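Here's a quick briefing to read alongside the model. Have the viewer open and follow along topic by topic.

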Amino acid sequence: MTPQDARQYAPATQRNSEPIIEVLLQVLPESGTILEIASGTGEHAVFFAPKLSPRLWLPTDANPQLRASISAWAEHFGCSNLYPPLELDVRELVWPVENRTFDWLNQEPIVAIVNINMIHISPWSACLGLMAGAGRILPAGGILYLYGPFKQGGEHTAESNAAFDKSLRAQNPEWGVRNLDDVVAVASAQNLSLKQIYQMPANNLSVVFEHNPDNRISTIPEAI
């Protein structure tokens, strides 16, 4: 099998890549390494990386088939600022980027974490692990970016989200659209302060947290 044969496709990436990059260009630090958690097919990685240069993009995924897809997409496009994908499960107590010596991470430390469409298609323990890892890894002022559907005030924001939530829970009772208040609470426990919420197409949100060692309590701002 050639690397190109390993490429997988996710239709949602075709729809949300442009809106997401518009937000990332506003909220990410201007340099350093961006750690992507649950990179999936790799289509986002090859779309974002060249547009975010000189930042460096580090994709990860727990699924070996998806890591193969990421590598295949990277070879297809030849992105110079895109690292090879790492195996990473957010529920691990120590992530690979913490217990290995990577010269390139010493030169360009991780300054932000990007996580797209994961916490609703995984157990709640994955959200907890994501927040714990972000709290350990991000420097002061580092950014955690989440994208996906969320409940607000415990209620779905659209009938389509309610139907999506029902379908997710039918597939796996541990999955489901998360309540934003709950996500903010577990983030706050890891010194991650809610910075901004952006309304996105198809009833999704971009949710931006900032690592705040002082652990100041933040309120939920109005979405823009």
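A residue counts as buried here when its relative accessible area is under 20%. By that cut-off, the buried residues of helix 2 are Glu43, His44, Ala45, Val46, Phe48, Ala49 and Leu52. Keep in mind that this is a predicted model.

**The chain as a whole**

- Laid out along its principal axes, the C-alpha trace of the protein chain spans about 45 × 40 × 30 Å.
- Of the 224 residues in the protein chain, 53% count as buried.
- Take the contacts in the protein chain with a separation of 6 or more: 75% of them come from residues 24 or more positions apart.

- What covers the buried residues of helix 2? The cover includes helix 1, strand 1 (33-37), strand 2 (56-59), helix 3 (64-77) and strand 3 (110-116).
- Helix 1 (residues 11-27) packs against helix 2 (residues 43-52) at an angle of about 35 degrees, and the two axes are 10 Å apart. On the helix 1 side, the contact is made by Thr13, Gln14, Asn16, Ser17, Glu18, Ile20, Ile21, Leu24 and Leu25. Helix 2 brings Glu43, His44, Phe47, Phe48, Lys51 and Leu52 to that contact.
- Sorted by class, the contact of helix 1 with helix 2 has seven nonpolar, five polar and three charged residues.
- As for handedness, helix 1 and helix 2 make a right-handed crossing.

**Helix 6**

- Helix 6 (residues 124-137) has 14 residues and reaches 20 Å from its first C-alpha to its last, close to the 20 Å expected at 1.5 Å a residue.
- With 10 of its 14 residues buried, helix 6 is largely enclosed by the rest of the structure.
- Which residues of helix 6 are buried? They are Ala126, Cys127, Gly129, Leu130, Met131, Ala132, Gly133, Ala134, Gly135 and Ile137.

- Ser53 and Pro54 are joined by a cis peptide bond, with omega about 15 degrees. Pro54 sits in the loop between helix 2 and strand 2.
- Asn117 isn't a glycine, yet it has a positive phi of about 50 degrees. You'll find Asn117 in the loop between strand 3 and helix 6, and it is partly exposed, with a relative accessible area of 26%.
- Asn203 isn't a glycine either, and it has a positive phi of about 60 degrees. Asn203 is in the loop between strand 7 (192-200) and strand 8 (204-211), and its relative accessible area of 34% makes it partly exposed.

**Lys151**

- Setting aside neighbours within four places in sequence, Lys151 is in contact with His156, Asp165, Arg169, Val177, Arg178, Asn179 and Leu180.

Conventions
Residues are numbered from 1 along each chain as its sequence is written. This is a predicted model: local features need pLDDT of at least 70, side-chain atom pairs count only at pLDDT 80 or more; totals for chains, interfaces and linings use all residues. Side-chain values use heavy atoms; hydrogens and water are left out. Axes are lines fitted to C-alpha atoms, for helices over the stretch in contact, and angles run from 0 to 180 degrees between N-to-C directions. Helices (H or I, at least four residues) and strands (E, at least two) are DSSP runs, numbered from the N terminus. A crossing is left-handed if the near helix is turned anticlockwise from the far one by less than a right angle, and right-handed if clockwise. Contact means heavy atoms within 4.5 Å. Ala, Val, Leu, Ile, Met, Phe, Trp, Tyr, Cys and Pro count as nonpolar, Asp, Glu, Lys and Arg as charged, and the others, Gly among them, as polar. The expected span of a helix is 1.5 Å times one less than its number of residues. Buried means under 20% relative accessible area, exposed over 50%, partly exposed in between (1.4 Å probe, protein chains only).
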